[in-house]
Amino acid sequence: MKRIVASALLCCIFVSGTLAACKSKSKEKINVMLVDGAPLLSMTYMMSEEFAGIDGYDISFTMTNDSDALVAAMLNQEPDFAIAPINIAAMMNNNGSGYRLAAVTIWGIMHIVSDQDVTMLEDLKGETIVAFGRSGTPGITLRSILRQNNIDFAEPDSANFTPDPDKVSIIYLTAASDVRDAIATGMEIGGKSVNFGILAEPVATAITGFANNAGRPGFTARINLQTAWARNNNGEIYPQAALIFHERLLSGNADFVDEFIAIAGQSSTYANDNPVKAGDLAVSLGSVAIPNGAVVGNAFSAGRLPMDFTNAADAKQAVNSYLQAFFEENANLIGGKMPSGSFYYAKE
């Protein structure tokens, strides 16, 4: 994990890629946690020297490459704010951990990447897709979309199998980096080299250069799962990640919660308006998921990295629709039940 501190009075500045901190008067400490990648992009402004902070608060950011570490920290109720997958946000509310939804920050950014000329889900029959996160956003979204389009799929538990020509075969690897590496190395699964994978932006855009450098040209984002989801859900896109906060902050700090949410919205707008700069800033903050700002700019230009900051009340219908897919697959993935109305925070 990489810990980054944003001083409330701009007395902390970046020096040679590190953070130099200075002493300040006693302020209330606020911990924010997020995962590298798109969640980091949405908060780069608040993590930069351009952010003047919030009077009276010492805000620190913890970035991790491990989503399990994020979940473990939230189970311990450590972060005051976090950007988490939407199903994890619901789980943390349902299991009594005390987190509430402030806003959806990142909408659907999952894509099927390939070196094959495919444009429709039906083109995937007989093919094998490598994915990650069987019980998370990638796996649930892919399987739900296939079901919605009446496309059968199989989930072999070994790489040694014979693909069914009438089904989509899905092989799950441990992490997104494993999917990336399987593509670059041409890992043999189901009797042939990997030609299809599920990746999130901005890695879905970065795979083109990564695969080219590994001698496997032609890989790019081919099928946008957000578009596929909307086609079968009344035009609604799916919410992928959200800003959540611990409800303890509402006791004596409600105004701060509202101010933080508002500034987080401004940070998201900053990334949308300055994607290349936000990407380069993410790299300077220690990102390993983002190679450079140009990749982020390309993903934004292609419309594949939507960061439409939407307050919880306005996102409620889309969130409920998406969580329903998790609930129907395995209710435990969202804490055993659909979240109550109190999950959705609204400024009073």
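Which side chains does a polar contact of 3.1 Å join? Those of D181 and R180. By polar contact I mean a pair of N or O atoms within 3.5 Å; within protein, one must be able to donate a hydrogen and the other to accept it, and residues adjacent in sequence count only if both atoms are side-chain atoms.

Some ground rules. This is a predicted model, in which local features need pLDDT of at least 70 and side-chain atom pairs count only at pLDDT 80 or more, while totals for chains, interfaces and linings use all residues. Residues are numbered from 1 along each chain as its sequence is written, and side-chain values use heavy atoms, with hydrogens and water left out.

Staying with D181: the residue is found in helix α5, residues 176–185. Helices (H or I, at least four residues) and strands (E, at least two) are DSSP runs, numbered from the N terminus. D181 has a relative accessible area of 30%, so it is partly exposed. On that scale, buried is under 20% relative accessible area, exposed is over 50%, and partly exposed is in between, with a 1.4 Å probe and protein chains only.

The largest nonpolar core has 116 residues, and M43 and F260 have the most contacts inside it. Such a core is a set of buried Ala, Val, Leu, Ile, Met, Phe, Trp, Tyr and Cys residues joined through side-chain atoms within 4.5 Å. Helix α11, residues 312–329, gives the most to this core, with eight residues.

A few words on α11. Its 18 residues reach 24 Å from first C-alpha to last, close to the 26 Å expected at 1.5 Å a residue; the expected span is 1.5 Å times one less than the number of residues. Among the buried residues of α11 are A312, Y322 and F326.

Back to F260. Leaving aside neighbours within four places in sequence, F260 is in contact with V32, M43, M46, I54, I59, F81 and L243, contact meaning heavy atoms within 4.5 Å. S267 lies in helix α8, residues 250–273. With a relative accessible area of 0%, S267 is therefore buried.

Last, the strands. In β6, residues 81–85, four of the five residues are buried. β6 runs parallel to β4, residues 28–35, with two bridges joining them; strands pair if DSSP finds at least two bridges between them. β6 also pairs with β16, residues 239–246, in the antiparallel sense over five bridges. A82 has M33 as a bridge partner, and in β16 its partner is I244.
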